[in-house]
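Q: Could you walk me through a few local features of this one? I'd like to go piece by piece and follow up as we go.

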2 protein chains.
Amino acid sequence: MTIEEALTSAASRTWIERGGTPATPGTGRLRPLGLREVTLRDGFWHQRQQTNRARSFAHIEHWLERAGWLGNFSAPPQERRGREFSDTEVYKFLEAMAWEYGRTRDPGVERRHRAIVARVIAAQQPDGYLNTNFGRPGQQPRYSDLEWGHELYSFGHLIQAGVAAARTFGENELVAAVIRAADHVCDVFGPGGIASVCGHAEIEPALVELYRVTGNRRYLEQARLFIDRRGHRTLADIEFGRSYFQDDVPLREATSLRGHAVRAVYLASGAVDVAVETGDTELLAAVARQWRHAVARRTYLTGGIGSRHQDEAFGDDFFLPPDRAYSETCAGVGSVMLAWRLLLAQGNPRYADLIERVLFNVIATSPADDGTRFFYANTLHQRVLGTEPSADTQVPRAASTLRAPWFEVSCCPTNLARTFASLAAYVATTDDDGVQIHQYTAAGIDTTLPDGRAIGLEIETDYPVSGRIGIRITRSPDTPWTLSLRVPDWATGATLDGLAITRGLVRTRRHFTAGETLVLDLPVRPRFVSADERIDAVRGQAALVRGPVVYCLESVDIPRDVPLEDLRLDPRIEPADRDGHVLAAFRATKPTSHDWPYQPLSASPEVGSPMRIALRPYHRWARRGPSTMRVWMPLTFER
Amino acid sequence: MTIEEALTSAASRTWIERGGTPATPGTGRLRPLGLREVTLRDGFWHQRQQTNRARSFAHIEHWLERAGWLGNFSAPPQERRGREFSDTEVYKFLEAMAWEYGRTRDPGVERRHRAIVARVIAAQQPDGYLNTNFGRPGQQPRYSDLEWGHELYSFGHLIQAGVAAARTFGENELVAAVIRAADHVCDVFGPGGIASVCGHAEIEPALVELYRVTGNRRYLEQARLFIDRRGHRTLADIEFGRSYFQDDVPLREATSLRGHAVRAVYLASGAVDVAVETGDTELLAAVARQWRHAVARRTYLTGGIGSRHQDEAFGDDFFLPPDRAYSETCAGVGSVMLAWRLLLAQGNPRYADLIERVLFNVIATSPADDGTRFFYANTLHQRVLGTEPSADTQVPRAASTLRAPWFEVSCCPTNLARTFASLAAYVATTDDDGVQIHQYTAAGIDTTLPDGRAIGLEIETDYPVSGRIGIRITRSPDTPWTLSLRVPDWATGATLDGLAITRGLVRTRRHFTAGETLVLDLPVRPRFVSADERIDAVRGQAALVRGPVVYCLESVDIPRDVPLEDLRLDPRIEPADRDGHVLAAFRATKPTSHDWPYQPLSASPEVGSPMRIALRPYHRWARRGPSTMRVWMPLTFER
C-alpha cells in the first residue's frame with residue numbers, strides 16, 4: 001500500500017470519522033477511542049476544554065504573531081526572532097487545532113489551521129528541510145549543534161502536527177509537507193547518514209505515529225534507529241552531563257527515568273511506540289520498569305516530575321523538595337503521553353491512576369481560569385508573595401512565581417492547548433469484549449467494538465467533588481460484554497452498586513440493558529498522607545488529599561496575624577469536608593528567632609490551641625491574588 | 001601626595017615590612033596585622049598553608065598554562081580560550097603569590113610572580129584597558145555586555161593583584177599597570193561616562209583598596225559611584241532577575257544579602273570599604289543589617305551560603321535544603337572577606353564567629369589533602385556515590401560530586417590559594433590599647449601598638465581537637481594593656497584561667513609579664529543541634545557539632561548491610577568523643593517501599609536496637625573514596 005493509499009484507506013477514513021486520537025498503536029491490550037466517540041459533558045474538564053478553545057487559542061495565536069515566531073516562517077534569516085525551538089510552538093498549536101477540529105468540526109478552527117499551515121509550509125526547502133533557525137545565509141549550518149539545536153525535536157513536533165491533521169482533516173497540504181520532512185530526516189539520519197540523535201527527544205514518537213498514519217515502515221525503522229542509538233554517548237558531554245538528554249545509558253539498560261524530565265518522558269513515549277510496533281517486549285518491559293521506578297521514587301505527590309530548576313531534571317531517588325519543586329507543566333503533559341501509551345500496551349490501571357493525578361494536580365493547576373496565563377513550573381511550597389506579571393509581558397522561563405501570559409520559552413501554553421483539545425481520548429478504551437473507563441468526568445461514550453457491537457454509555461458525575469459516578473447504559477448489544485471500571489489506588493472502601501470492590505480494574509461481564517445505571521462509589525473523603533521516610537524534605541509533615549485532588553494551605557485562608565510558616569497541622573483532629581474546601585485543625589507555634597538559626601537540640605516549641613483553617617485544592621492556588629502556600633504541612637509534635 | 005610618593009611613603013614601607021595584609025581600612029574599631037606579624041605554627045591551618053604553597057601553586061600554574069588562560073595574554077584574538085572571565089584566575093593567582101611572598105619572602109615565588117606579570121602586562125592596551133576577551137578584531141566590543149561580560153570584574157581582580165603586590169613587593173611593574181587600568185576605568189565609568197555597573201561586583205572593593213595604597217581619592221570616588229549606582233536597574237532584566245547581580249534594590253535599602261552569593265558578598269565588601277573610607281555610617285549600618293539577616297535566615301550550618309544551583313544564589317529566607325546545597329567555595333571566600341571588613345569596622349565578635357565557621361566547614365572542606373583537587377560546591381547531603389574525575393580532566397562547574405582538579409569555571413582553586421596564603425591576617429588585630437585574638441590556631445604574634453608598645457604572644461593549642469588554648473606572653477610593655485579573646489557563641493561554659501567567662505569578646509586589662517600564660521578553655525564537647533523550625537528541609541533532624549566543626553555521617557563508616565538513609569539518630573544517648581571522631585547512637589529503620597511513595601499517615605516505623613557509629617568532621621568527607629553522606633540526621637521518633 002502506498003502512502004497515498006494508506007492516507008485514503010478505510011482505516012484512515014474511520015479515524016477521521018471518529019475525530020482522530022493521539023497515539024493509535026497497532027497492537028496492545030487496549031484500543032483508544034476517537035475524540036468524537038467520547039463527548040465531555042458540562043463539568044470540570046469540559047469547562048477547561050471550552051476555555052481552551054474560546055480563550056487560549058486566540059491568546060496563543062496573538063502571542064505567536066507578536067513574538068514573531070509565526071512571522072519567522074516568512075522572515076529573512078537576519079530577522080528571525082525567538083529561541084532555537086520557537087517553530088515548535090506553532091506546530092503544537094497546529095496540533096491543538098487539529099484535535100479541536102476533530103472533536104468539534106468547527107469550520108473556524110479549520111480556517112485558522114489552513115492559514116497557518118500555508119505560512120509554515122512556504123518555508124520548507126525543496127529537500128524537505130524545514131527550520132527557521134538553521135541553514136540559511138548567516139545562520140548556523142543544519143545539524144551543526146545536535147546537543148542544543150533542537151532540529152529533530154522541531155521536526156518531531158511538525159510531524160505530530162501532520163499526524164493530527166491526517167487523523168482529523170485527512171490528507172492535506174500539511175500532511176504532504178510532513179511526509180517530505182520525514183523523508184528528509186530518514187535520508188539524513190538513516191543508515192549511512194549522521195549516526196546520532198537529537199539533544200531533545202520528540203522525533204521518535206512522531207515518526208512512529210507517522211508510520212501509523214502512512215503505513216510506511218521507513219519511519220518506524222528510523223524511530224527504532226534513534227531509540228537504539230540513544231545512550232551510546234554520541235552527543236557531547238555537557239555541563240549537565242549526558243543524562244540530561246538520556247544519552248548516558250541505552251534505553252534497555254537504564255533503571256529509571258532520569259535527566260531533563262520532558263526529554264525523558266518524550267523519549268520513553270517513543271520507545272513504547274517502537275516497542276509496540278516492532279513486538280519488542282524487552283524494550284517495553286524496560287520502559288515500564290523505569291516508569292515504575294520513577295513513580296515510586298522521583299515523583300511529587302501531585303504527580304509532577306522534575307525536582308531541579310537548573311536542568312529541569314529529575315533528581316536522585318527521593319530528592320523531592322517541595323520548595324522550588326520544578327514540576328514543569330510540559331513534563332506533566334509528557335508524563336500523560338507516556339502513561340497513556342503504557343496503559344494501551346499493558347492495560348494496567350496504575351497508569352491511569354498516574355494520569356488522573358497529573359491531570360488534576362499539574363495540568364489543571366497551570367492555566368488561569370481565563371486560559372490566558374500559565375504556570376511554567378508548579379512548586380509545592382511558595383515562601384514569599386509573588387508578583388503578577390503584566391498581561392503584556394513575555395517573562396523568562398520559570399522565573400515568574402505567578403501565572404504569566406507568555407514565556408521566552410513558551411512550551412506550556414501550546415502543550416496544554418493540545419492536551420485539553422484531546423482530553424476526551426483519555427477517558428475510556430475498548431478491547432475485544434467491552435469498554436474500560438479510566439477517567440471519571442461527565443461524558444457520553446458512543447463506540448463500536450471490533451466485532452461491530454455498538455455500545456453507548458453516559459457517565460453521570462460531578463467527580464471529583466463527589467465520588468458518586470453513575471454509568472448509564474444508553475446502547476447495548478444483545479450479547480454479554482464487559483464493562484471495566486478503574487478503582488483508583490487511593491479508593492479504599494469503594495463500592496459498585498453497593499458491593500465492596502477492590503482497587504484496580506473491576507470487570508463486570510453480563511448482558512446490559514439500555515437505560516440501566518451502575519453506580520460506582522469512590523470514597524473521596526479527605527485523608528492525610530505522609531511521604532516515604534527517605535523523602536527527607538517533607539519529614540514530619542503531612543499533606544491532605546481528597547479523592548485524586550491534592551489540597552494546600554494558602555495564606556489568603558489564614559488569619560492575618562498568623563504567619564503561614566508558624567502553623568502546625570494537628571492530625572489527631574479529623575479533617576471536615578465542606579463545600580469546595582476541607583477544614584483541618586492547626587495550632588500556631590512561635591519560632592524563636594536567633595542570630596544563628598542552629599541551636600542546641602531542645603524540647604518541642606509551644607503550640608497554641610487548635611483553630612480550623614480551610615484547605616483548598618492545590619490546582620486552585622494563586623487564583624485570589626498573590627499568596628504564600630504549602631502542600632506539605634508541618635505536624636504538631638504530639639501525634 | 002602623588003601616587004609615587006604614596007607608594008614609597010613610610011606607611012607603605014611599613015606594610016611591606018609587616019608582610020602586607022588584605023584590607024587596610026583607614027578607620028575602624030580594629031586594625032589588621034601584617035602577614036609577618038602573625039606566624040602560623042604547625043597545626044591545622046599551617047598544614048593547609050604549606051600544602052597551598054608546595055602543591056596548589058604548581059597545580060594552578062600547570063592548569064593555567066594547559067587551559068590556555070595564561071597563553072591568552074599573548075595569543076591572537078581568534079585563539080583565545082576559556083570563559084569570558086578566565087583572566088581573573090591568573091590575577092587571583094598573582095594575588096596569592098604576593099601574599100605568599102609577603103609572609104615568606106620566598107624568592108622562588110617572586111620569580112614566578114615576575115614572570116607571569118610580564119606576560120600579563122604585555123597585553124595591556126595603551127589606554128590602560130586590559131582584557132583578553134574583548135575589544136580586539138573579531139571580538140565583542142569593549143563594554144558591550146555589562147550584564148555578562150565580567151570586564152569590570154576582571155579589572156577588579158587585576159587591581160586586587162596589584163594592591164597585594166604593592167603591599168608585599170612594593171612599587172613594581174604590575175602596580176604601575178594596575179594604576180593605568182584603574183585610571184582607564186575611572187575615565188570610562190566616571191562622571192559623564194558610562195553610567196552603569198558590572199554584572200559581577202569586584203571592582204568596588206578593588207578600587208577602594210587601590211585608594212588605600214595610592215592615596216588617590218579618584219579611585220575611592222569611583223567605587224562610591226559604583227556602589228551608589230547599583231540597585232537602580234541600569235543592567236538588563238535577565239532570566240534570573242536583577243537581584244542576581246544585586247541591581248534590583250539600592251544597597252542602602254535592601255534588607256538582606258540576596259541573589260548570586262559570590263556577587264552579593266563581594267559587593268557588600270566593597271560597600272563596607274566605601275562606607276569606612278567616606279564615613280558613611282548609614283551605608284555601613286545597611287550592610288551590617290543585611291549580613292545579620294542573611295546569617296540568621298540564609299546560611300547553612302557550615303556557614304556556607306547559596307542554596308541554589310541554577311543561579312548560584314541565596315534562596316528565600318529559610319530555604320536551606322541540605323540536598324544539593326550549593327554553598328560555593330568562592331562564596332565562602334567572599335563571606336570571609338565581608339565578615340572580616342565588618343569586624344574591623346565594628347569590632348563585633350560575631351563576625352569572627354562566622355569567619356571561624358566558614359574556615360572550618362567550607363574553606364577546609366574544599367581542597368583535597370594534597371591540594372590539587374577541589375570541591376566547587378559543598379553539599380550537605382550526598383545521596384549517591386560520586387565518581388572521581390580523572391586528574392587529567394577539566395570538569396564543568398559544579399557537576400562533579402567529588403573533588404576535581406580543574407573546572408571550566410575554575411574560580412575556587414585560585415580563590416582558596418589567595419585565602420590560604422593570607423590566612424594569618426584573620427587571627428588577630430590591634431586597637432589603641434591592645435591585641436584581640438579572633439581565631440585560635442598555633443601561632444606566634446609579634447606586633448606594635450600605634451603608640452609604639454611592642455607586644456609578643458604565642459598561641460599554643462591543637463584547637464579544634466581540644467578546646468584548651470594557652471596564650472603565652474612573649475613580649476610586653478611595662479604599662480597595662482588589654483588582651484581580648486573571642487569566646488565563640490557556641491562556647492557555653494568557657495573558662496579563662498579557670499574562671500567562668502561569657503560568650504563574646506573577653507577583655508583582660510592589666511600588666512602582663514613575658515613568660516606568663518593565660519589558659520582559655522573552650523568546651524568543644526560534641527553537641528547535637530537542630531535548626532530553626534522554618535528550615536523545613538531539616539525538620540525532625542539533628543546535626544552534630546563539636547567546637548566550631550560540623551560533623552557528618554558517611555557511608556564508609558557504617559555497616560555495609562545498612563543503607564545510610566535507613567539510619568535514625570537516637571539523641572537520648574549522649575555522643576562520645578573519640579580520637580578524631582565522635583560516636584553517636586543510631587537505630588536502623590526499614591522503610592516500606594510502595595509503588596507510590598505517599599501513603600496514609602501512620603504510626604512511626606519500627607526502629608532497631610542502638611548501634612554506635614562514628615561521625616567525622618564534615619571537612620574530612622569524601623577523602624576515603626566515593627561515599628554517601630549526610631550532615632543532618634533524621635531522629636528516632638521517640639525523643
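A: Let me start in chain B, where B:Pro464 sits in the loop that runs between β9 (454-461) and β10 (468-475); please keep in mind throughout that this is a predicted model.

Q: What kind of peptide bond joins B:Tyr463 and B:Pro464?
A: The bond between B:Tyr463 and B:Pro464 is cis, with omega at about 5°. In chain A, a cis peptide bond likewise joins A:Tyr463 and A:Pro464, with omega about 5°, and A:Pro464 is found in the loop between β9 and β10 (468-475) of that chain.

Q: How many residues of β9(B) are buried?
A: Six of the eight residues in β9(B) are buried, so the strand is mostly covered.

Q: Which residues other than glycine have a positive phi in chain B?
A: Among them are B:Gln246, with phi near 55°, and B:Asp497, with phi near 50°. B:Gln246 lies in the loop between α9 (217-229) and α10 (261-278) of chain B, while B:Asp497 is found in the loop between β12 (495-496) and β13 (499-500) of chain B.

Q: Is B:Gln246 buried or exposed?
A: B:Gln246 is buried, because its relative accessible area is 3%, under the 20% limit for that class. B:Asp497, with a relative accessible area of 43%, is instead partly exposed, since that class runs between 20% and 50%.

Q: Switching to chain A, where does A:Asp248 lie?
A: A:Asp248 lies in the loop between α9 (217-229) and α10 (261-278) of chain A, and it counts as buried because its relative accessibility is 17%.

Q: What does the side chain of A:Asp248 make a polar contact with?
A: It makes a polar contact with the side chain of A:Arg258, at 2.8 Å. Leaving aside residues up to four places away in sequence, A:Asp248 touches A:Gly231, A:Arg233, A:Arg242, A:Ser243 and A:Arg258.

Q: What's the strand order in the open sheet of chain A?
A: The seven strands run β2-β8-β9-β10-β15-β12-β13, with antiparallel pairing, and the edge strands, each pairing on one side only, are β2 (38-40) and β13 (499-500). Strand β8 (residues 443-448) and strand β9 (residues 454-460) of chain A pair over six bridges, with A:Asp446 opposite A:Gly456 in β9(A).

Q: Last topic, helices: how do α12 and α14 of chain A cross?
A: The axes of α12 (residues 329-346) and α14 (residues 411-421) of chain A come within 8 Å and cross at roughly 35°, and the crossing is left-handed.

Q: Which residues meet there?
A: From α12(A), A:Thr329, A:Cys330, A:Val333 and A:Met337 meet A:Cys411, A:Cys412, A:Asn415, A:Leu416, A:Arg418 and A:Thr419 of α14(A). By class, that contact has six nonpolar, three polar and one charged residues.

Terms used
Residues numbered from 1 in each chain as written. Chains lettered and ligands numbered in written order. Predicted model: local features only at pLDDT ≥ 70, side-chain atom pairs only at ≥ 80, totals over all residues. Heavy atoms only, no water. Helix = DSSP H or I, 4+ residues; strand = E, 2+ residues; numbered from the N terminus. Buried < 20%, exposed > 50% of the residue type's maximum accessible area, 1.4 Å probe, protein only. Polar contact = N/O pair within 3.5 Å; in protein donor to acceptor, adjacent residues only side chain to side chain. Contact = heavy atoms within 4.5 Å. Pairing = 2+ DSSP bridges. Axes fitted to C-alpha atoms, helices over the stretch in contact; angles between N-to-C directions. Left-handed = near helix turned anticlockwise from the far one by under 90°. Nonpolar A, V, L, I, M, F, W, Y, C, P; charged D, E, K, R; others polar.
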